[in-house]
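Work through the exercises below with the structure in view. Try each task before reading its solution.

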Amino acid sequence: MADTTYDIIFAGELVPGTEPAEARRRIQVLFKLSDEAADRMFGDRPVTIKRGVDSASVARYRDAFREAGAFIRAEPVPNFEELVATSEDSAPATPEAEIDRGDLSTGRSAGLQLAPLGDERPLESPQAVMPRKVDISYLSLVPGNDWTLADCEPPPPPLVAPDIGHLRIVEY
């Protein structure tokens, strides 16, 4: 079994007796955060600080935050094999509900399979889409057949003659 990984989450919880402004300043200096990033960290919602770290990294982050006057939370992240094992235990036993687990080493086609050949039932009912009504009454075509798409190009910018007043002709 693979090592457990964790997501480190900060929800603004402070060590009792720590001033919020002082904890914010310490964390901002410790992690070299901008004012905007510190505002997000000390906002009203929990913030994920780091994803997929090992237990040694969790301990380092926990110690660093505790020294700054704050607490973090470490939530274990289930790995792919655990998710598949859990879903196999709860999968229905009827043959119609069999799911192709695919190759577990790559995770390809896990939980997906093709519908039987000739099955005409759609998975979802099609939704009726009403076309937009666009007013094109102001548009018109060039009369006659003697036009090309080049007629539709915007006119080129006017050429401005360069100022050559500073130039002179020197005789040898």
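This is a predicted model: local features need pLDDT of at least 70, side-chain atom pairs count only at pLDDT 80 or more; totals for chains, interfaces and linings use all residues.

## Exercise 1: The whole chain

Task: Count the helices and strands, give their order, and state what share of the residues is buried.

Solution. 
- Step 1. The protein chain has four helices and three strands.
- Step 2. Read from the N terminus, the elements run β-α-α-β-α-β-α.
- Step 3. The chain has 172 residues, and 13% of them count as buried.
- Step 4. Now take the contacts with a separation of 6 or more: residues 24 or more positions apart account for 65% of them.

## Exercise 2: Two helices in contact

Task: Describe how the axes of α1 and α3 are arranged, and say which residues make the contact.

Solution. 
- Step 1. Helix α1 covers residues 20-30, and helix α3 covers residues 55-68.
- Step 2. Their axes come within 8 Å and cross at roughly 135°.
- Step 3. An angle over 145 degrees would count as roughly antiparallel, and 65 to 115 as roughly perpendicular. The pair α1 and α3 is therefore oblique.
- Step 4. From α1, the contact uses A23, R26, I27 and L30. From α3, A64, F65, E67 and A68 take part.
- Step 5. Sort these residues by type: six are nonpolar, none is polar and two are charged.

## Exercise 3: The two sides of α1

Task: Find which residues of α1 are buried, and which are exposed on the other side.

Solution. 
- Step 1. A23, I27 and Q28 of α1 are buried.
- Step 2. These residues span an arc of only 130° around the axis, so they sit on the same side of α1.
- Step 3. A21 and V29 are exposed on the other side of α1.
- Step 4. The cover over the buried residues of α1 includes β1 (5-10), α2 (35-41) and α3.
- Step 5. K32 follows α1, and its phi is positive, near 55°.

## Exercise 4: A charged residue in a strand

Task: Locate D7, and find which side chain joins that of D7 in a polar contact.

Solution. 
- Step 1. D7 is in strand β1.
- Step 2. Buried means under 20% relative accessible area. D7 has 15%, so D7 counts as buried.
- Step 3. The side chains of D7 and R51 are joined by a polar contact of 3.5 Å.
- Step 4. Residues up to four places away in sequence aside, D7 touches K50, R51, G52, R73, A74, E75 and V77.

Conventions. Residues are numbered from 1 along each chain as its sequence is written. Side-chain values use heavy atoms; hydrogens and water are left out. Axes are lines fitted to C-alpha atoms, for helices over the stretch in contact, and angles run from 0 to 180 degrees between N-to-C directions. Angles under 35 degrees count as roughly parallel, over 145 as roughly antiparallel, 65 to 115 as roughly perpendicular and the rest as oblique. Contact means heavy atoms within 4.5 Å. Ala, Val, Leu, Ile, Met, Phe, Trp, Tyr, Cys and Pro count as nonpolar, Asp, Glu, Lys and Arg as charged, and the others, Gly among them, as polar. Buried means under 20% relative accessible area, exposed over 50%, partly exposed in between (1.4 Å probe, protein chains only). The arc is that of the directions from the helix axis to the C-beta atoms. A polar contact is a pair of N or O atoms within 3.5 Å; within protein, one must be able to donate a hydrogen and the other to accept it, and residues adjacent in sequence count only if both atoms are side-chain atoms.
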